[in-house]
Amino acid sequence: MQPDASRWIVVTGAGGFIGGNLVSSLRSRGHRNIRAVDTKPLQDWYQRFQGVENLSLDLNLKENCETVAKDAQEIYNLAANMGGMGFIEHNKALCMLSVLINTHMLQAAMKNGVDRYFYSSSACVYNADKQKAFEAPSLREEDAYPAMAEDGYGWEKLFSERMCRHFREDYGLRTRVARFHNAYGPWGTWYGGREKAPAAICRKVIEAKVKGRQEIEIWGSGVQTRSFMYIDDCLKGIDLIMNSDIVEPINLGSSEAVTINQLVDLAEEFAGIKLKRNYDLSAPKGVNGRNSDNTLIQKYLHWEPNTTLRVGLEKTYRWIYDQYLARERGKAGVVREASTAS
Ligand code: NAD
């Protein structure tokens, strides 16, 4: 699609991990008409960019969605209340309330004649019965039904996916939906309770190294399997899917399955240490096994996320290490203000 410099590219959730990196990527691709929105106060955004319209607004509210959709050409709706398993297991109602964001954003997109609308769904929509085995079953798109999604967060995603579908079918809004599988990378949440496994493991290993500890606590048995997608692949996939004719929800994830123990092995290797592992079997751990079946994305786009975990995790480890030391020294650490595209 031809960019129209007089209309906005809107990124919601831009104060968070994927949204902030998406704004950065859009800027580096030459876009200057970017409207970035997040409910957090501007000083708490992970990344902020000059030359971007940065708005701190609560998108649960319909009037705020109408403000941000005004004169918009494209909307990337990444705003949601989310976090790792510890967060989503204990905040089901809050996660489900994100339905307000997508509902009001879809209505505002319609009203303002937006050309394309991207919705970030999740692998948490998949039927829990298909994820009982530890051998990382690869989930195909049709495995979301019959529906038995992750309680709270996953049901909201599944419902919102369907709402995107019906806005497309009934009102002609061009909606595109990707089911992200565990994205990780720099400028993401790495402490505070909302961080996901790759960042949490890196932080725990770094903490042990810096403080001279010999042990690490791991949630679950360590043999749960997952796949992890590096942020650069996530951004490329968002761009390809947004500009494609793929109308049904599609997996966007790595198909390199690893156990949590293997994740720890890698982090220990980067740190140059070996730790005694204490497994907390009562901690939130999610499903036993999950991987992304990439047959469909390969068929449509002849591409799939391909950054190896070793390469992506080492970059993430180094970034968290610097953030950790900055924070220890009493500096804010995590926020980046950039005046140039990067
Ligand atoms: P994130 O928590 O870093 O970013 C989400 C942002 O949305 C936050 O900055 C938050 O403040 C903002 N937000 C929440 N409620 C809002 C509201 N009412 N109004 C405006 N902004 C609001 O999360 P992320 O990892 O960047 O995830 C982005 C999207 O991708 C989310 O929809 C998430 O559910 C989805 N997703 C992410 C992953 C992953 O592995 N990171 C996996 C599956 C799906």
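## Ligand contacts

A polar side-chain atom of Asp38 is placed 2.6 Å from an oxygen atom of the ligand, a separation inside the cut-off for a polar contact, defined as a pair of N or O atoms within 3.5 Å, where within protein one must be able to donate a hydrogen and the other to accept it, and residues adjacent in sequence count only if both atoms are side-chain atoms. An N or O atom in the side chain of Ser120 is 3.0 Å from an oxygen atom of the ligand, while for Asn60 a side-chain N or O atom is 3.4 Å from a nitrogen atom of the ligand. Taken alone, the ligand exposes 820 Å², of which the protein buries 94%, with accessible areas from the Shrake-Rupley method, a 1.4 Å probe and, for residues, only the protein chains shown as cover.

This is a predicted model, in which local features need pLDDT of at least 70 and side-chain atom pairs count only at pLDDT 80 or more, whereas totals for chains, interfaces and linings use all residues. Residues are numbered from 1 along each chain as its sequence is written, and side-chain values use heavy atoms, with hydrogens and water left out.

## The shell around the ligand

Of the 26 residues around the ligand, those that come nearest are Phe17, Ile18, Asp38, Tyr153 and Ala183, a residue being near if one of its heavy atoms lies within 4 Å. The shell divides into 12 nonpolar, 9 polar and 5 charged residues, where Ala, Val, Leu, Ile, Met, Phe, Trp, Tyr, Cys and Pro count as nonpolar, Asp, Glu, Lys and Arg as charged, and the others, Gly among them, as polar.

Two or more shell residues are given by each of α1 (17-28), β6 (116-122) and α6 (153-171), and the largest share, 3 residues, comes from β6. These elements are DSSP runs numbered from the N terminus, with helices (H or I) of at least four residues and strands (E) of at least two.

Phe17 is found in helix α1 and counts as buried at 15% relative accessibility, since buried means under 20% relative accessible area, exposed over 50%, and partly exposed in between (1.4 Å probe, protein chains only). Leaving aside residues up to four places away in sequence, Phe17 touches a set of residues that includes Tyr46, Ala183, Trp187 and Ile231, with contact meaning heavy atoms within 4.5 Å.

Asn21 also lies in helix α1 and, at 9% relative accessibility, counts as buried. The side chains of Asn21 and Gln47 are joined by a polar contact of 3.3 Å, and Asn21 touches Pro186, Trp187, Ile231 and Leu235 among others.

## Aromatic pairs

Rings of Phe, Tyr and Trp (its six-membered ring) pair if their centres lie within 6.5 Å, with planes under 30 degrees apart counted as stacked, over 60 as edge-to-face and the rest as tilted; by this rule the count comes to 9 aromatic pairs. The rings of Tyr76 and Phe118 have centres 6.1 Å apart and planes at 40°, so this pair is tilted. It links distant parts of the chain, 42 residues apart, with Tyr76 in strand β5 (residues 72-77) and Phe118 in strand β6. Tyr76 is buried at 3% relative accessibility, as is Phe118 at 0%.

For Phe167 and Tyr171, the centres are 5.1 Å apart and the planes at 80°, so the pair is edge-to-face. Being 4 residues apart in helix α6, Phe167 and Tyr171 are separated by about one helical turn; Phe167 is buried, with a relative accessible area of 11%, whereas Tyr171 counts as exposed at 51%.
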